[in-house]
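Here are some notes to read alongside the model. Have a look at the chains first, then work through the points in order.

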Amino acid sequence: MTDPPSTVLRTSRRGFLGLAGASASLAALARLRPTAASAAATGAGAAPFFDARATAILTAIVERMVDTGEPGAPPVRSTRAIESIDRLCGGLDPALTDPLPLALQLVEWGPYVFDWKLARFTELAPADQDASLDGWRTSRFATRRLAFYALRNLALFGYWSQDATWPLIGYGGPLLRPEGGA
Amino acid sequence: MITTLLERGGDLVEQADVCVIGTGAGGAVAAAELAAAGRSVVVLEQGHHWTAKDFTQREDEMLPRLFEEGGMRQTADGAVVVLQGRNVGGSTVHNLCYAFRTPDPILKMWRDEHGLSELTPEALAPSFARVEQNLKVKPIEEGQLNALNRIVRAGAQKLGWSGLVAKHNREGCIGAGYCILGCSYDAKQSMLVTYVPRASAAGARIYANARAERIETVGGRARRVLGRVVAHDGTALGSIEVTAKVVVLAAGAVASPDLLLRSGLANGSGQVGRNLHLHPSVMVAGFFDEPIHAYRGIPQSYYVDQFIDLEKDPNRGFVLMPITGFPVLTAANMPGFGKSLYRDLRDYSKMAAVLALLHDRSAGSVTSGSSPAKPTIEYALTPDDRAQLGEGLVRCAEILLAGGATRVVAPYWIDPIELRPGDDLSVLARRGVREGEIGLASTHPQSTCRMGGDPRSSVSNAFGECHEVPGLFVADMSVFPTSLGAPPQITTAALADRTARHIAARWDELGA
């Protein structure tokens, strides 16, 4: 088991709520909320934005955010959704993305604090993960809601920009003129 | 000549008669007209020079290329998404090509209430005509209406509502539908393929990746523009210094006031950055029995003007417009996650949406933020504007149901409302529109450097020249004295045409 971040362990429930509510940097996630549609126009080949642990948490979140329940839906891990999100974040102004690792940690340890469960988000069953995320979506704290939408829209960006997902919703994809066409 | 500074590298030091900042509907027109009039012109554009071959029709690639803050610009409270272009051609590269002249009642209001007596339809007619000719504005043909627009028209006709098939600036459109991601076929007559090449052909030196950060005066006149060469992610790579006799500021209604504020110019009235109108919009999604593939074809052709009567009241009203999106944007605008979101998204091909776009009196502000790339935008709806958007929500649902939708969804972030034919739509009016509870979007920020006859209450005069700084002109949507109440690209371009001709005609004085 990965050691929890010391900032989380050292805080009581009240302190944790304060951390979430007062985090000015997390509030910057609001800027990611509505479209969550951006990718690095440059930055190809840059170092990964998320480290391995953050990637694992992100992957778990994305899997719930884009769960369709369809047996034929491409699994997140079989697509390049996470890679797309990583590339996106790596190409954005740091002022927008600096709070993301903290947001991932808050979601990961959220079940202990908000849901009274003795497990991290990545250790929960899918239904419990959904319930935990719904707590973020409907929280009375604006910062939690904003963080939810930031992560939700990153997930939507990563998954629904994948060609393999388009047949699920009947989207035909680009209609680019053939090379050399009129 | 268009130079991409990222590729060229190094610093930029230039000298010209005129420095134009921005290449959107205002800047490109001003640059082309001034260059054609024989002036030496340098144009600074902070965005990149993307062209049709770069327009891949993919959201993951195009949204960050074409939009400020990668499509994530929004008001400080996160309530309103503000979509603005950040590329050579500005927002005209991603807009949906509605081509309307300034409504006469709006011009009348500008004359009567803002001291702009020169702005008559007759005085502007030559500018409108030139712009429309150069942008190849023409009526959309019947055969070009896609399923989405036919549905909206059918709904309007069934309800007896007033509407029209609009004019647009497209030539040879094949109806792929990817206008908002840039036209891969150069059929959209954006500034990128019209006025920018005209400016270049007339000798203007156009620099992409060139962000203006400060305007300096000498002897009280605008004489120098300083800035930086910027990468796509905003990384500063080099310095820019342009010396000019006249500066035309056309960076848009967010960046233009930010630049004036950073420069400490033209703000004796305290109006720079104030009076921000957004034309905020809300949308309702409708679902049909059969696939309609709303994303194919011209996205916006039909225009419902039943709920705006500018002759009667030039200050209020809203219009209804069809709207569509590709998978990421569509998903992001629908509520919920996981299976609940997919319940709507799986019917993507059967989905049509209508938005209500408000002619707003609400007035927000733009102030300088932590960096030139991130001005702070604040905006709150007045109770009356909130009420109008609430009615707009009802009308969106009504027209979709009249057009044959079997269910509609008002996408409140929590507890969205789903309605079916025969349901009581007043539930939408009762819940209404409040910032933060339902998505609001803006593609038309305006009025932050407003024109006016009185220097105490306005920033610039009827030709866009700043009252306090001779030789400094503003030529973008920020000069609108009020909300326009109509799609703005033709008004912006026509006013810029007029400003440029005014500069050219006064050159003996301005160029001294």
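1. Let's start inside chain A: helices H7(A) and H9(A) cross in a left-handed way. (Left-handed here says that the near helix is turned anticlockwise from the far one by less than a right angle; helices are DSSP runs of H or I, at least four residues, numbered from the N terminus.) H7(A) covers residues 100-114 and H9(A) residues 142-160; their axes come within 11 Å and cross at roughly 120°. Those axes are lines fitted to C-alpha atoms over the stretch in contact, with angles from 0 to 180 degrees between N-to-C directions.

2. Who makes that contact (heavy atoms within 4.5 Å)? H7(A) brings Leu100(A), Leu104(A), Val107(A) and Phe114(A), while H9(A) brings Arg144(A), Leu151(A) and Leu154(A). By class that is six nonpolar, no polar and one charged. Ala, Val, Leu, Ile, Met, Phe, Trp, Tyr, Cys and Pro count as nonpolar, Asp, Glu, Lys and Arg as charged, and the others, Gly among them, as polar.

3. A word on provenance: this is a predicted model, so local features need pLDDT of at least 70 and side-chain atom pairs pLDDT 80 or more, while totals for chains, interfaces and linings use all residues. Residues are numbered from 1 along each chain, chains are lettered from A, and side-chain values use heavy atoms, without hydrogens or water.

4. Over all chains there are 41 salt bridges, each a side-chain nitrogen of Lys or Arg within 4 Å of a carboxyl oxygen of Asp or Glu. One of them joins Arg64(A) to Asp130(A), with the closest N and O atoms 2.8 Å apart. Arg64(A) is in helix H4 (residues 52-65) and Asp130(A) in helix H8 (residues 126-137), both of chain A, so the pair ties together parts 66 residues apart in sequence.

5. Now to where the chains meet: 47 residues of chain B touch 49 residues of chain A. About 4,500 Å² is buried between them, 58% of it from carbon and sulfur atoms; buried area is the accessible area (1.4 Å probe) lost by two parts on being put together, summed over both. On the chain B side, Met72(B), Phe337(B) and Tyr342(B) lose the most, together 18% of what that side buries.

6. Two salt bridges span this interface. Asp163(A) and Arg58(B) meet in a salt bridge at 2.7 Å, N to O.

Terms used:
Contact = heavy atoms within 4.5 Å. Helix = DSSP H or I, 4+ residues; strand = E, 2+ residues; numbered from the N terminus.
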